[in-house]
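Here are a few friendly notes to read alongside the coordinates. Please keep the viewer open as you go through them.

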Amino acid sequence: MGDPAMPASEKDPWNTKSKEKFETKSKSEFYDPCQEAAQRSYKCLYRNGGDKSMCGEYFQAYRDCKAAWVRDWLAVDADADGFADSR
């Protein structure tokens with residue numbers, strides 16, 4: 001199994017670059033800053049014949065990225081709505 005280490009863009013999925021992409025996309029367009037981690041998970045499954053037990057580190061990297069993105073996105077959304085201080 002290869003190194004599932006996340007690039008810097010996935011350690012902080014709500015970075016300046018991803019925030020700009022998210023804010024400038026069309027309303028009907030989906031944007032996932034953790035797509036690279038998801039693709040690495042799929043590639044691992046493919047390489048290992050669908051054996052999920054071989055790809056746990058990749059799945060965890062994706063879950064960590066997604067959790068960080070959602071947490072950061074909610075914080076930004078709360079700031080925009082003016083509710084950040086009430087939480």
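Predicted model: local features only at pLDDT ≥ 70, side-chain atom pairs only at ≥ 80, totals over all residues.

1. Let's begin with Cys34 and Cys65. Their sulfur atoms are 2.1 Å apart, so by the 2.5 Å cut-off they form a disulfide. This pair links distant parts of the chain: Cys34 belongs to the loop between α2 and α3, Cys65 belongs to helix α4, and 31 residues separate them. Both cysteines, Cys34 and Cys65, are buried. The torsion about the S-S bond of Cys34 and Cys65 is about -90°, so this disulfide is left-handed.

2. The other bond to look at joins Cys44 and Cys55, again with the sulfur atoms 2.1 Å apart. Because Cys44 lies in helix α3 and Cys55 in the loop between α3 and α4, the pair ties together parts that are 11 residues apart in sequence. Cys44 has a relative accessible area of 0% and is therefore buried; Cys55, also with 0%, is buried too. For this bond the S-S torsion is about -95°, so the disulfide of Cys44 and Cys55 is left-handed.

3. How are the bonded cysteines of the protein chain paired, when numbered in sequence order? The pairing is 1-4, 2-3.

4. Next, have a look at Asp64, which sits in helix α4, spanning residues 56–81. Is Asp64 buried, partly exposed or exposed? With 40% relative accessibility, Asp64 counts as partly exposed. From C-alpha to C-alpha, Asp64 and Cys34 are 9.4 Å apart in space, while 30 residues apart in sequence.

5. Why is Asp32 called buried? Its relative accessible area is 11%, and buried means under 20%. The side chains of Asp32 and Lys66 are joined by a polar contact of 3.2 Å. Setting aside neighbours within four places in sequence, Asp32 is in contact with Tyr62, Lys66 and Trp69.

6. Finally, Ser41, a residue of helix α3. Ser41 counts as buried because its relative accessibility is 6%. Which residues does Ser41 contact, leaving aside its neighbours within four places in sequence? They are Tyr58, Phe59 and Tyr62.

Key
Residues numbered from 1 in each chain as written. Heavy atoms only, no water. Buried < 20%, exposed > 50% of the residue type's maximum accessible area, 1.4 Å probe, protein only. Polar contact = N/O pair within 3.5 Å; in protein donor to acceptor, adjacent residues only side chain to side chain. Contact = heavy atoms within 4.5 Å. Helix = DSSP H or I, 4+ residues; strand = E, 2+ residues; numbered from the N terminus.
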